Amino acid sequence: MPKQDYYNEFFELGQQKINFSFFELHLPDDDPVYTLKKVMEELDFTGLLACYSDKGRTGYNPIMLYAVVTYANMRGVRAVDRIVELCERDLAFIWLTKGQKPRRDTFYDFKGKKLTGEVLDELNYQFLRRLKKEGLITLKELFIDGTKIEANANRYTFVWRGSINYHLAGLLDTIDALYARYNALLRENGYGPKYDLGDARMFIIEGMEKVRRVIKENRERKLTKHKKLSNNTVIEIDNCSPMELLKLQRNLLRIAEGEGIAFIYGKGKRKSEIQKLYEELDECGSRLMEYKECFEIMGKDRNSYSKTDLEATFMRMKEDHMLNGQLKPAYNVQIAVENYFIVHGYVSNDRTDYNTLIPVLEKHRRAFGEVLEEVTADSGYCSEKNLLYLKENEIASYIKLQDHEKRKTRAYKEDIGKYYNMTCQVFEDEHFYICRDGRELRHMRTESREQDGYTQTFEVYGCADCSGCEHKSKCLYKYNPEKDADRNKVMKINEQWEELKEASNANIQSEKGILKRQIRSIQTEGHFGDIKENENFRRFNYRSAEKVYKEFMLYAMGRNINKYHRFLNQEIEKYEGKTGQKTA
């Protein structure tokens, strides 16, 4: 055949429909899509089907849509437009849809409205119960870790609590001046007795005095080029209502009507004092409402939020696009792993990990009952509240202490001012400590402090007389011989917290604890390495905590089925750790 005929045969015959049944087209026998179908055959989709109505036209099969979305996440595809394209071109997707071509609106409606977080959790837990029956997981131990993933919010849409506090202080000064002008207007013109109006009193906002002190000190620090102090005081603005300003505005309208003073508008016209005061009160009331709304959105647990995703908090990320410590709107994503499988996912807008451990463990208890026996996590989860929860629920703690590395140093062991380097004795059921100089530190009082809704109790011990002690410079904190000559040693000890820490430290120092720390770092951080580096999941596609959680859980379930597929094909085996080798 001449070469030109090849061109004519391919290009000039026009568009044709080819019957692919004449050709040998099939998926590989080990394709993960078969594993997905096998897993879905044993799932109960009652919760998902309950979100659909029997009335109206029949749409796409929701089980098919769930299979398509899950398989897309198994392939690392999260964008809806890309899923629509694969349903038209990819053989595995065509096999799942049986040749149907769902459009983007179908997937947006399915993922946004029909597929809820509760349905996703229930489907994931059904799959995990199957893994337990097959011996791949036990659900008795969890390895927990977290990471920060950027939210789908603009970077420079931040609202800071400190900035609002600063501007609110200025606004309250302006309102105070308007109150003074209002009272002066009533007195000078005799409007008070005439209209039965008394002097107006400025409302009080709790916490503003502390804010004003910080503002004043920061102005002095700016002159000396020192670092600013944090201005994140939580202000109680609930008892401050713009309705107080509206009352003054109504009084001004009443006076203007009684005196025949008309409000005028436009250029070149002179406004009356009553109209000027009325408009300034109206502007201040609007600003006060805006600040109050900002505080309500932020709540008491956050110091920032984004205007384009109100539930995202600005956090310090490892990916710094400006290389200057720039904060980004993000979510704190937690995973609980066992034998490579993500058992739980949890999305929070809290910048730290302290408050995320108990919600994850509560999810485990509600889903599987009281079966959890051991929890392994890093030092970011070490707090009295968390360790006490584990003790009360009889869960062994393998949580690294915050001072784990510091405890290995010589300075820690030789610090004579700390209670753990003193001798503890008991006399007539009373504990007391003996310092390096042989003096007794007796119990003085009990103090309590509330933090994040949790009350900590401290026992205060002190020495009656430290005069003449040659160790005062090493024992007392920031000791100055000239100013602190008469100062005595006082120390506060949270005995319950110290007891919990010692128990957890004993667990992680054991051979079993060393092995568990090794497994945790491999499994949890291995997931995050895959998520961020290999699959480039560094930013969410959806906004709001609910949609972000659903996006992450779909991705996590896709990873779980991929892991299950690899177990079935004997590509990986259950990780038991290097039992023959001790790890430092």
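Helix α14 covers residues 357–368, and its 12 residues reach 17 Å from first C-alpha to last. That is close to the 16 Å expected at 1.5 Å a residue, where the expected span is 1.5 Å times one less than the number of residues. Keep in mind that this is a predicted model: local features need pLDDT of at least 70, side-chain atom pairs count only at pLDDT 80 or more, and totals for chains, interfaces and linings use all residues. Residues are numbered from 1 along each chain as its sequence is written, and side-chain values use heavy atoms, with hydrogens and water left out. Helices (H or I, at least four residues) and strands (E, at least two) are DSSP runs, numbered from the N terminus.

**Around α14**

- Nine of the 12 residues of α14 are buried, so the helix is largely enclosed by the rest of the structure. Here, buried means under 20% relative accessible area, exposed means over 50%, and partly exposed is in between (1.4 Å probe, protein chains only).

**Nonpolar cores**

- Nonpolar side chains tend to be buried together in soluble globular proteins.
- A nonpolar core is a set of buried Ala, Val, Leu, Ile, Met, Phe, Trp, Tyr and Cys residues joined through side-chain atoms within 4.5 Å.
- The largest such core has 92 residues, and Tyr66, Phe107, Ile144 and Leu361 touch the most other members. Helix α20 gives the largest share of this core, with 11 residues.
- Setting aside neighbours within four places in sequence, leucine 361 is in contact with Leu142, Ile144, Leu372, Val375, Tyr389 and Leu390; contact means heavy atoms within 4.5 Å.
- Another core, of 38 residues, lies apart from the largest one, and includes Leu171, Leu186, Tyr191 and Tyr195.

**Salt bridges**

- The structure holds 41 salt bridges, each one a side-chain nitrogen of Lys or Arg within 4 Å of a carboxyl oxygen of Asp or Glu.
- Glutamate 551 and arginine 78 form one of them, at 2.5 Å from N to O. They sit 473 residues apart, with glutamate 551 in helix α20 (residues 545–568) and arginine 78 in the loop between α4 (62–74) and α5 (80–89). Both residues are buried.
- Aspartate 109 and lysine 113 pair up at 4.0 Å, N to O. Both lie in helix α7 (residues 104–114), four residues apart, or about one turn of the helix. Aspartate 109 counts as partly exposed because its relative accessibility is 29%, while lysine 113, at 62%, counts as exposed.
- Glutamate 374 and lysine 512 also meet in a salt bridge, at 2.5 Å from N to O. Glutamate 374 is in strand β7 (residues 374–377) and lysine 512 in helix α19 (residues 511–534), so this pair ties together parts 138 residues apart in sequence.
- Glutamate 374 is buried, at 12% relative accessibility, whereas lysine 512 is partly exposed, at 43%.
- Glu141, Glu374, Lys512 and Lys516 are linked in a salt-bridge network.

**Where α18 meets α19**

- Helix α18 (residues 495–509) packs against α19 at an angle of about 80 degrees, with their axes 4 Å apart. Axes are lines fitted to C-alpha atoms, for helices over the stretch in contact, and angles run from 0 to 180 degrees between N-to-C directions.
- That angle makes α18 roughly perpendicular to α19; the cut-offs are under 35 degrees for roughly parallel, over 145 for roughly antiparallel, 65 to 115 for roughly perpendicular, and oblique for the rest.
- Asn507, Ile508 and Gln509 of α18 make the contact with Glu511, Gly513, Ile514 and Arg517 of α19.
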